[in-house]
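Dear colleague,

Please find below the structure for your review, together with its sequence. My findings on its pockets and on one of its helices follow.

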Amino acid sequence: MARLVDDAQSETREPSHSDLEFQINRARLTAGDPKAQGQLVGKAKRIRGTLSWALENNPSGGESLVESLLSFLRASGGFRPGALNYAGAEAITNAIAAFRAEGFTLTQDGELQPQILENLSGAALTTALESYIRRAKRGAEDAALLSGTSKDLLEATAAHILVERNGNYPRGANFEGLLGMAFVAIDLATPQHPIQPGEPPQRKVERAMFSLACGVNAMRNKLGTGHGRPWLTNITDTEARAAIQFMGTIAEWLLHAHARKTGL
């Protein structure tokens with residue numbers, strides 16, 4: 001994002017420092033703005049500093065700033081070759097690659113959308129799931145509930161593992177059945193597996209993760225992510241955030257076990 005607004009090596013172009021200040025204030029990130037702290041910085045360093053601060057202190061504000069900056073750049077010709085405010089092919093290509101690594105598709109004309117997992121498979125889907133896992137572990141709700149899809153993060157991960165190992169997965173299976181099949185496919189223990197003498201402590205963790213995953217799934221609003229709040233009405237924001245982070249941790253454990261079992 002910093003490179004998209006950088007004009008240090010070219011003629012001055014929009015957004016101006018005044019534009020940046022307006023967007024930063026609207027995202028409530030003034031506390032992380034180097035210029036607001038009295039530093040003399042260029043546009044790139046200003047945005048880099050503000051967004052770096054947001055990563056640790058206000059991720060939702062950082063997301064809001066990214067969205068508003070992209071909207072401003074689109075409106076001012078930042079993604080249009082030949083326009084006075086064109087950000088440059090290299091900066092746009094680098095931004096596309098960076099967003100892809102975080103589970104988003106940035107188009108050449110500046111539209112930002114979550115990656116459509118149904119269109120991915122194999123290593124590309126693994127990479128996309130890993131990016132969602134990183135966001136879920138930070139508590140990002142859209143990462144855990146996979147905006148625009150019918151699956152949550154754990155369902156998508158279980159289905160991916162079964163496709164990788166068996167070639168397909170039963171689309172009519174309920175959450176517990178699908179997750180159980182994935183656990184069995186990568187040799188993880190579920191509560192249905194009897195405790196064996198001398199078994200490693202990881203088996204106890206695996207059983208607990210399975211139960212936790214089913215508990216988190218039971219907290220979901222089954223109307224889906226596109227129909228209002230994705231959690232039941234009696235779930236607090238703190239509980240929802242913890243549930244999202246649980247999703248990320250369990251999905252990460254599953255992908256790790258899958259890779260280890262496959263020898264990747």
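The largest pocket holds about 1100 Å³ of space. Here a pocket is an open set of points on a 1 Å grid over the protein atoms alone, where a 1.4 Å probe fits, with protein on both sides within 12 Å along at least five of seven lines; a volume is the space filled by probe spheres set on the points, which are joined across faces, edges and corners.

This is a predicted model, in which local features need pLDDT of at least 70 and side-chain atom pairs count only at pLDDT 80 or more, while totals for chains, interfaces and linings use all residues. Residues are numbered from 1 along each chain as its sequence is written, and side-chain values use heavy atoms, without hydrogens and water.

Lining the largest pocket are 39 residues (an atom within 4 Å of a point); L55, G62, E63, V66 and R135 lie nearest its centre. Among the elements giving two or more residues to this lining are α3 (43-57), α4 (59-75) and α11 (237-262); helices are DSSP runs of H or I with at least four residues, numbered from the N terminus.

The second largest pocket has about 320 Å³ and 19 lining residues. α8 contributes the most to that lining, with five residues.

Yours sincerely
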